[in-house]
Amino acid sequence: FRVFLSLPQTIARGIVFLIALLTGGTMAALIAYLVGLPLLRLSSDYFGIATLGFSVMVYTALQNSDQVIPTMKGARGMVGIPTWTTWSWVFWALLVIVFVMRHLVHSSYGRAIISIREDEIAAKTMGIDVAQSKATAFAVGGFFAGVAGGLYAHLFGFLHPSTFNFIKGFDPLIVVVFGGLGSMTGTILASMLFALIIEGLR
């Protein structure tokens, strides 16, 4: 701790911010994995209904979170979050995520996930643990969502439960559909175009 305190403020803040982002991503991945174990065993329609129900539960929990963690402020929203997110943080986070995802997709585990997407029954016949693979993929997505949430929180300095309501959950679906299912490049371009259109309409 003495070495850490002796560092310049900018470097020390960057280290703290990086640890916070990784911790938030890890917690999100753990929750996604635990939630995904039972939910991902459901078929597509039932999975959608269960996911919707879980999102309502999370929203209600956040509205009353101040009863357990006073600093979360519940329905009043979290205030006083330091605004440490910059364009460089977002840019390098995007590069790292794309690098990791590209290597994950082209790995043997990534090919197993792709085979599940293409034909779940055939993947199961080939000996792939479909439920475990889905839950792990869900956890990886949760980790990146947690990192993105950390960057978002430290960009605006304020978080409210209504910021992540049911309607907001359609944004990733819109991006994935317009970018093309299974296309990483298309998804990135679609997300940039979607952000530009939303901000342009304001």
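The largest nonpolar core in this predicted model has 5 residues: Phe17, Leu21, Ala93, Val147 and Leu151. Helix 2 and helix 7 (130–156) each supply at least two residues of this core. The points below start with the whole chain and then turn to single residues.

**The whole chain**

- Read from the N terminus, the elements run α-α-α-α-α-α-α-α-α.
- The C-alpha trace spans about 55 × 40 × 35 Å along its principal axes.
- The chain has 202 residues, and buried residues make up 21% of them.
- The accessible surface comes to about 14,000 Å². Carbon and sulfur atoms account for 73% of that surface.

**Around the core**

- Phe17 belongs to the largest nonpolar core. Its relative accessible area is 1%, under the 20% cut-off, so Phe17 counts as buried.
- Leu21 is another member of this core. Leaving aside neighbours within four places in sequence, Leu21 is in contact with Trp89, Val147, Gly150 and Leu151. Val147 and Leu151 are core members too.
- Where does His154 lie? His154 is in helix 7.
- Is His154 buried or exposed? At 15% relative accessibility, His154 counts as buried, because the cut-off is 20%.
- Which residues does His154 touch, not counting residues up to four places away in sequence? The contacts of His154 are Phe17, Ile81, Pro82, Thr83, Trp84 and Thr85.

**Aromatic rings**

- A pair of aromatic rings is described by two values: the distance of the centres and the angle of the planes.
- A search of the whole structure finds 5 aromatic pairs.
- One of the pairs is Phe17 and Trp84, with ring centres 6.0 Å apart. Their planes stand at 80°, so this pair is edge-to-face.
- This pair links distant parts of the chain. Phe17 sits in helix 2 (residues 9–39), while Trp84 sits in the loop between helix 3 and helix 4 (87–105). The two are 67 residues apart.
- Phe17 is buried, whereas Trp84 is partly exposed, with a relative accessible area of 25%.
- Another pair is Phe91 and Trp92, with ring centres 5.6 Å apart. The planes are at 75°, so this pair is edge-to-face as well.
- Phe91 counts as partly exposed at 45% relative accessibility. Trp92 has a relative accessible area of 55% and is exposed.
- Phe17, Trp84 and Trp89 form one aromatic cluster.

**Salt bridges**

- Side chains of opposite charge can pair when their charged atoms come close.
- How many salt bridges does a search of the whole structure find? The search finds 2 salt bridges.
- Glu118 forms a salt bridge with Arg117. The closest N and O atoms are 2.6 Å apart.
- Glu118 counts as exposed at 56% relative accessibility. Arg117 is partly exposed, with a relative accessible area of 49%.
- Glu120 forms a salt bridge with Lys134, and here the closest N and O atoms are 3.0 Å apart.
- The Glu120 and Lys134 pair links distant parts of the chain, 14 residues apart. Glu120 is in helix 6 (residues 120–125) and Lys134 is in helix 7.
- Glu120 is partly exposed, with a relative accessible area of 33%.

**The surface**

- A nonpolar patch on the surface is formed by Leu52, Val56, Phe166, Ile167, Phe170, Leu173, Ile174, Val177 and Phe178. Together these residues have about 900 Å² of accessible area.
- Helix 3 (44–63) and helix 8 each supply at least two residues of the patch.
- Which helix gives the largest share of the patch? Helix 8 does, with 5 residues.
- Leu173, one of the patch residues, has its place in helix 8.
- Why does Gly182 count as exposed? Its relative accessibility is 61%, and exposed means over 50%.
- Gly182 and Arg117 are 65 residues apart in sequence. In space they are 9.2 Å apart, C-alpha to C-alpha.

How values were computed:
Residues are numbered from 1 along each chain as its sequence is written. This is a predicted model: local features need pLDDT of at least 70, side-chain atom pairs count only at pLDDT 80 or more; totals for chains, interfaces and linings use all residues. Side-chain values use heavy atoms; hydrogens and water are left out. Buried means under 20% relative accessible area, exposed over 50%, partly exposed in between (1.4 Å probe, protein chains only). Patches are made of residues with over 30% relative accessible area and no salt bridge: like charges are joined within 9 Å, nonpolar side chains (Val, Leu, Ile, Met, Phe, Trp, Tyr) within 5 Å. Accessible areas come from the Shrake-Rupley method with a 1.4 Å probe; for residues, only the protein chains shown count as cover. A salt bridge is a side-chain nitrogen of Lys or Arg within 4 Å of a carboxyl oxygen of Asp or Glu. Helices (H or I, at least four residues) and strands (E, at least two) are DSSP runs, numbered from the N terminus. Rings of Phe, Tyr and Trp (its six-membered ring) pair if their centres lie within 6.5 Å; planes under 30 degrees apart count as stacked, over 60 as edge-to-face and the rest as tilted. A nonpolar core is a set of buried Ala, Val, Leu, Ile, Met, Phe, Trp, Tyr and Cys residues joined through side-chain atoms within 4.5 Å. Contact means heavy atoms within 4.5 Å.
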